[in-house]
Amino acid sequence: MRFSIPALLVCSLAMSTAYANIQSGSAASGADSILDLHQSFIEQRQAIERDLADGETYSEISSDDRKKVKTALDRISSSLAVAGGLTTLDEAKKAELFNDQELVNAILTQAGEDSRLVCTREKKVGSHRTTTNCMTVAERRRAREQSQDAVRQNIGLKAPVQN
């Protein structure tokens with residue numbers, strides 16, 4: 001039981017990412033990090049852009065996804081600037097904002113998970129020395145897929161031709 005609580009704490013800290021949640025002025029919806037568009041949208045946007053630019057937090061985000069996030073943030077910002085706030089928006093515009101928010105959250109969550117660094121300690125064959133191997137989750141996935149493709153190609157080349 002002593003192991004499960006620290007492990008749960010470490011997992012919850014590792015999974016935290018920058019969320020841009022929109023609250024419609026009613027009671028809190030229970031989200032971890034809520035962006036109050038009346039006060040701190042600019043700060044939240046700056047934090048997301050800073051994390052995108054640092055090269056570490058979202059190191060595995062593709063340039064296409066990076067553009068989608070920036071475009072969605074621009075749309076949210078312009079909609080709020082034109083309307084003067086979330087409460088003055090009509091329902092269609094609010095739906096668009098919520099969709100943009102979900103797009104940003106989905107992309108940043110996946111990029112944050114893929115950018116997480118995982119280190120393993122391994123012993124090389126014939127040696128008692130352990131080495132530490134650190135790769136991001138996405139790098140590990142790419143390496144696994146490349147090795148599986150190589151095995152498939154070798155099996156395909158060595159298989160006898162049947163007529």
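**Exercises on a disulfide and a core**

With a relative accessibility of 38%, Cys134 counts as partly exposed (buried is under 20% relative accessible area, exposed over 50%, partly exposed in between; 1.4 Å probe, protein chains only). The model is predicted, so local features need pLDDT of at least 70 and side-chain atom pairs count only at pLDDT 80 or more, while totals for chains, interfaces and linings use all residues. Residues are numbered from 1 along each chain as its sequence is written, and side-chain values use heavy atoms, with hydrogens and water left out.

**Exercise 1.** Find the residue joined to Cys119 by a disulfide, and describe the link.

Step 1. Searching the whole structure gives one disulfide (a pair of cysteine sulfur atoms within 2.5 Å).
Step 2. The partner of Cys119 is Cys134, with 2.0 Å from S to S.
Step 3. Cys119 is in strand 3 (residues 117-123) and Cys134 in strand 4 (residues 130-136), so the link ties together parts 15 residues apart in sequence. Helices (H or I, at least four residues) and strands (E, at least two) are DSSP runs, numbered from the N terminus.
Step 4. The link of Cys119 and Cys134 is right-handed, with 110 degrees about the S-S bond.
Step 5. Cys119 is partly exposed because its relative accessibility is 44%.

**Exercise 2.** State which elements give two or more residues to the largest nonpolar core.

Step 1. This core has 17 residues; Leu52 is among those that touch the most other members. A nonpolar core is a set of buried Ala, Val, Leu, Ile, Met, Phe, Trp, Tyr and Cys residues joined through side-chain atoms within 4.5 Å.
Step 2. The elements are helix 2 (41-53), helix 3 (63-83) and helix 4 (91-114).
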